[in-house]
Amino acid sequence: MPLKISADASTLLVRRPAFESMGLKRADIDGLLGLTDEEFRVEEDLIVIGPVFDGAALSNLVADLENRGLVYFEDFFELSGNWPEWLSLYVMSRATAK
């Protein structure tokens with residue numbers, strides 16, 4: 001099921017296999033960003049984190065993901081939330097060949 005992305009602030013999208021391969025836990029992200037249940041969503045192979053209103057904390061999270069070996073754009077990326085509110089965006093992971 002597609003997940004709605006907020007136009008209010010940045011959202012981080014992470015491929016679930018990459019997230020899990022680094023041994024990351026939701027509690028790690030919650031502690032850094034202070035997320036609510038609605039701000040950390042998982043659907044199939046996609047993790048959606050946000051909206052994130054704390055730009056410095058988001059930058060720290062991106063740096064941490066890269067330091068752990070995840071590759072920007074290949075394993076995760078950020079949507080800026082910089083589009084008009086009349087436009088709704090929904091995301092979902094595309095099935096990968098096995």
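Let's begin with S10, which sits in strand β2; strands here are DSSP runs of E with at least two residues, helices are runs of H or I with at least four, and both are numbered from the N terminus. The model is predicted, so local features need pLDDT of at least 70 and side-chain atom pairs count only at pLDDT 80 or more, while totals for chains, interfaces and linings use all residues. Residues are numbered from 1 along each chain as its sequence is written, and side-chain values use heavy atoms, with hydrogens and water left out.

**Around S10**

- S10 counts as buried because its relative accessibility is 13%; buried means under 20% relative accessible area, exposed means over 50%, and partly exposed lies in between (1.4 Å probe, protein chains only).
- The side chains of S10 and E78 are joined by a polar contact of 2.5 Å. Such a contact is a pair of N or O atoms within 3.5 Å; within protein, one must be able to donate a hydrogen and the other to accept it, and residues adjacent in sequence count only if both atoms are side-chain atoms.
- A polar atom of the S10 side chain also lies 3.5 Å from the backbone oxygen of S80.
- Which residues does S10 touch, leaving aside its neighbours within four places in sequence? They are G50, P51, V52, L58, E78, L79, S80 and G81, where contact means heavy atoms within 4.5 Å.

**The sheet**

- Four strands make up an open sheet, in the order β3-β4-β2-β5, with antiparallel pairing; two strands pair if DSSP finds at least two bridges between them.
- At the edges are β3 (40–43) and β5 (76–79), each of which pairs on one side only.
- On average, neighbouring strands of this sheet are turned by 20 degrees against each other, direction ignored. Axes are lines fitted to C-alpha atoms, for helices over the stretch in contact, and angles run from 0 to 180 degrees between N-to-C directions.
- Helix α3 (residues 55–67) packs on the sheet and touches β2, β4 (46–52) and β5. The direction of α3 makes about 15 degrees with that of β2.

**Strand by strand**

- Strand β2 (residues 10–15) pairs with β5 through four bridges, in the antiparallel sense. Across this pairing, L13 has F77 as its bridge partner, and T11 stands opposite L79.
- Is β2 mostly covered or mostly uncovered? It is mostly covered, as five of its six residues are buried.
- Seven of the seven residues of β4 are buried, so this strand is largely enclosed by the rest of the structure.
- Strands β3 and β4 run antiparallel and are joined by four bridges; V42 has I47 in β4 as its bridge partner.
- A hairpin is formed by β3 and β4, with two residues between them. In the turn, E44 has a positive phi of about 55 degrees.

**Two helices together**

- Two packed helices are described by the angle between their axes and the distance between the axes.
- For helix α2 (residues 26–33) and α3, the angle is about 145 degrees and the axes are 9 Å apart.
- I29, L32 and L33 of α2 meet A57, L58, N60 and L61 of α3 in this contact.
- The residues of the contact of α2 with α3 divide into six nonpolar, one polar and no charged. Ala, Val, Leu, Ile, Met, Phe, Trp, Tyr, Cys and Pro count as nonpolar, Asp, Glu, Lys and Arg as charged, and the others, Gly among them, as polar.

**Aromatic rings**

- There are three aromatic pairs. Rings of Phe, Tyr and Trp (its six-membered ring) pair if their centres lie within 6.5 Å; planes under 30 degrees apart count as stacked, over 60 as edge-to-face and the rest as tilted.
- One of these pairs is Y72 with F76, which is edge-to-face because the ring planes stand at 90 degrees, with the centres 5.3 Å apart. Y72 is partly exposed at 37% relative accessibility, whereas F76 is buried at 1%.
- Another is F73 with F77, a tilted pair because the planes are at 50 degrees, with the centres 6.1 Å apart. F73 is exposed at 66% relative accessibility, while F77 is partly exposed at 29%.
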